[in-house]
Amino acid sequence: MKKLLMAAAGGTALGLVATTQFAGPLIAQTAGADANVYEQLDLFGDIFERIRQGYVEDVDDKKLIEAAINGMLTSLDPHSSYLSEDDAEDMQVQTRGEFGGLGLEVTQEEGWVKVVSPIDGTPAAAAGMMAGDFITAVDGENVLGLTLDEALQLLRGPVGSEVIITVVREGSTEPFDVSIIRDTIKLTAVRARTEGKAVVLRVTTFNAQTFPNLEEGLKEQVEAAGGIENVDGVVLDLRNNPGGLLNQAVFVSDAFLEGGEIVSTRGRAAADGDRYNATPGDLAGGLPIVVLINGGSASASEIVAGALQDHRRAIVVGTKSFGKGSVQTVVPLRGNGAMRLTTARYYTPSGRSIQNLGISPDIIVEQPMMIPEDTTEEDEIDTPAMRSEADLRGTLSNDSLTEDEIKQIEDDRARAEDAAKLRDEDYQLAYAIDILKGLHALGPQVEVEVDVTLTDAAGAAESETEAPAGN
């Protein structure tokens, strides 16, 4: 018993020594890190006071602090930012689906305001603004050096007033001015129409109206066609859709899926992750679906395209999407302001993150440029290059994929690009190959009836229908 007590005492002593040896430096290191933070905060206070006392003009203390906060957030990535009270209110209005302005979805790149996409049916779209345009001045005032929120304040104004925007566009040799009349932007999130026997659902944004608009629009078109049996399929047009609310992307994906994962989000801590699954019920009744995307399709648009593609519920057609695979959480702050903070990455059902990579279409189809009638053969036509999430300064890296997975994505993209090049040589053959690839992309849900005529030795013929097994 005495030996046991001595052993226990020895163990305790050793434990104390180990704690002293290992925990001591750790505590000192943590204390040192905290001290360094406080030193930096003291430095900030010194600079703040020096500006207040010595700057050439009087300064607004509140604006100085807001600028410092916004600088801290924007240094993280292109999508984190500070929202003043007015900006936070404006964002809430936008997500409800009605706001005042020009109708531009913008971001900031290297100090300039960059157009992600013009919103359909708005003054900006009518004025010919294009995805990838850079706004360098508003009413003659240079936007370089302004925060994104400050630049947006210049773009906003009374309904009916005119604003002159100076635009730099790739392919144009000189900047040019665009005159736009401000208007109340009332978003119809989904416009539905019928082309031939296909229902086309043009989704312009993901706000609180998106799923109700889509459900109602599809129902109206099916009724106008005389029933679902008179509809060949659905085209879900997500081109130039900059995204929006995550829950609306989930609702739209769920509308065409019978089950399975739609999207998952993963934050820094495992507990911060979320997973969203589909529920039974397909608004399209199992009809074929084609999803259209391009370089202006971002965020929520990519969630929908990725979910339907991974489940082989739709063929994705167009060009590579923008590649914004991050989730922003709006955190209310004191003073009625808010903070937009990137808190997670999202992943498609197959587990791929599209951050900086985008969604690669099953069939690549470039949209031809509109060439003016007075263009001659000698004129050079410059095609503006579309920028993506990967081109933004300070963007989040994509470290979720292995080298083999990245190579697989690149190989798939290369095969699609090779198929697209074939159209220049033999468009009919390329079209036939694209159809086969599209049918394969839909997987076992596709059932094709093939008439096969069999002739026996006596010359008698019989016809039978085969339903090939799904692959």
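**Close-up views of a predicted protein model**

**Figure 1. Contacts of Leu214.** Leu214 touches Val190, Leu201, Val203, Leu236, Val252, Ala255, Phe256 and Leu283, leaving aside residues up to four places away in sequence. A contact means heavy atoms within 4.5 Å. The model is predicted: local features need pLDDT of at least 70 and side-chain atom pairs count only at pLDDT 80 or more, while totals for chains, interfaces and linings use all residues. Residues are numbered from 1 along each chain as its sequence is written, and side-chain values use heavy atoms, with hydrogens and water left out.

**Figure 2. The largest nonpolar core and a second one.** The largest nonpolar core has 40 residues, of which Leu201, Leu214, Leu236, Phe256 and Val291 touch the most other members. Helix H8 (residues 300–310) supplies the largest share of this core, six residues. A second, separate core of 18 residues includes Leu104, Ala124, Val143 and Leu152. A nonpolar core is a set of buried Ala, Val, Leu, Ile, Met, Phe, Trp, Tyr and Cys residues joined through side-chain atoms within 4.5 Å. Buried means under 20% relative accessible area, exposed over 50%, and partly exposed in between (1.4 Å probe, protein chains only). In soluble globular proteins, nonpolar side chains tend to be buried together.

**Figure 3. Thr205 in its loop.** Thr205 lies in the loop between strand E11 (198–203) and helix H6 (210–224). Helices (H or I, at least four residues) and strands (E, at least two) are DSSP runs, numbered from the N terminus. Thr205 is buried, with a relative accessible area of 11%. Its side chain reaches the backbone oxygen of Gly243 at 3.4 Å.

Figure 4. Helix H2 (residues 61–74) has 14 residues. From first C-alpha to last, H2 reaches 20 Å, close to the 20 Å expected at 1.5 Å a residue; the expected span is 1.5 Å times one less than the number of residues. At the start of H2, a side-chain oxygen of Asp60 reaches to within 2.9 Å of the backbone nitrogen of Lys62.

Figure 5. The mean pLDDT of the protein chain is 78, and 73% of its residues reach 70 or more; pLDDT is the predictor's confidence in each residue, from 0 to 100. Over residues 1–23 the pLDDT is below 50, and this stretch has three contacts in the model beyond near neighbours in sequence. Residues 445–471 also have pLDDT below 50, with 30 contacts beyond near neighbours in sequence. Where pLDDT is low, the predicted coordinates should not be read in detail.

How values were computed: Polar contact = N/O pair within 3.5 Å; in protein donor to acceptor, adjacent residues only side chain to side chain.
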